[in-house]
Amino acid sequence: MSSKQPKYEYVSTAKLPTRMGDFKIHGFVEASGQEHVALSYGEWKEDDVVPIRIHSECLTGDSLFSTRCDCGFQLEKAMQNIVDNGHGVLLYLRQEGRGIGLLNKIRAYNLQDSGMDTVEANEHLGFDADLRSYDICKLMLDTLNVKHVELMTNNPKKLAALKTLGIDVVARKPIDHGITKDNKNYLKTKTEKLGHAFDPHVFK
């Protein structure tokens, strides 16, 4: 039997009461030591279609209330959607700055303050526009007995990644939420350069 450490591992589950409702928090870890969590709400059967959101960590938006992105707004909206639906899952992946990390994101913000867009700033720092991986989502969803999902996202790469992992994506639900004067150009760049599916009217 191989003693090689699994690439991804489930760790533990606990109750997580929030302002929106009583969730459960499930911990996962990569062999690298990077930690991720899933939040589940309510109950479902194996054949049910479960609303889910894959959310990449954004300290500035999720915790510091920044309006230069829509991340914090989307996180809150997704959790509320799950509660309103009666059940669902939020996969919270620790992939700050589309995978470049917090301090490099601040460096990228500095370049954006000087006129670059979000893609140009990442590339100027020597990174691809998006370095995120969604492979751990398979273990997370299998652990929670989720086989069929309605995915809350504007990002077609997330939808394609889940399908590649063998997850049945029954539908995609847009999450156009949190558009401000500070992030319109950022969201327009994500639409034009990264293929995000925002309704064009939001940029008028």
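Both faces of strand β5 are covered: Gly88, Leu90 and Tyr92 on one side, and Val89, Leu91 and Leu93 on the other, are all buried. Buried means under 20% relative accessible area, exposed means over 50%, and partly exposed lies in between (1.4 Å probe, protein chains only). Six of the six residues of β5 are buried, so this strand is largely enclosed by the rest of the structure. In a regular strand the side chains alternate between the two faces of the sheet.

The model is predicted: local features need pLDDT of at least 70, side-chain atom pairs count only at pLDDT 80 or more, and totals for chains, interfaces and linings use all residues. Residues are numbered from 1 along each chain as its sequence is written, and side-chain values use heavy atoms, with hydrogens and water left out.

The protein has eight helices and seven strands. Both are DSSP runs, numbered from the N terminus: helices are H or I with at least four residues, and strands are E with at least two. Buried residues make up 47% of the 204 residues. The accessible surface is about 10700 Å², and carbon and sulfur atoms account for 50% of it. These areas come from the Shrake-Rupley method with a 1.4 Å probe; for residues, only the protein chains shown count as cover. Of the contacts between residues at least 6 apart in sequence, 59% join residues at least 24 apart. Contact means heavy atoms within 4.5 Å.

The seven strands form an open sheet with mixed pairing, in the order β1-β2-β3-β5-β4-β6-β7. The edge strands are β1 (8-17) and β7 (168-173), and each pairs on one side only. From one strand to the next, the twist averages 25 degrees. Two strands pair if DSSP finds at least two bridges between them. Strand β3 (residues 35-41) runs antiparallel to β5 (residues 88-93), and five bridges join the two. Serine 40 has valine 89 of β5 as its bridge partner, and tyrosine 41 has glycine 88 of β5. On the pairing with β4, the sense is parallel, again over five bridges. Here histidine 55 stands opposite tyrosine 92 of β5.

Helices pack on this sheet. Helix α2 (residues 71-85) lies across β2 (22-30), β3, β4 (49-56), β5, β6 (148-152) and β7, at about 155 degrees to β5. Helix α6 (residues 136-143) touches β1, β2, β3, β4 and β5, and its direction makes about 150 degrees with that of β5. Axes are lines fitted to C-alpha atoms, for helices over the stretch in contact, and angles run from 0 to 180 degrees between N-to-C directions.

In α6 the buried residues are Ile136, Cys137, Met140 and Leu141. Seen down the axis of α6, they fall within an arc of 130 degrees, so they line one face of the helix. The arc is that of the directions from the helix axis to the C-beta atoms. Their cover includes β1, β2, β3, β4, β5 and α7 (156-164). In α7 the buried residues are Lys158, Leu159, Ala161 and Leu162. They cover an arc of only 165 degrees around the axis, which puts them on the same side of α7. Their cover includes β4, α6, β6 and β7.

A disulfide is a pair of cysteine sulfur atoms within 2.5 Å. By this rule the count is zero. For cysteine 58, the nearest cysteine sulfur is that of cysteine 69, 3.7 Å away. Cysteine 58 counts as buried, at 4% relative accessibility.
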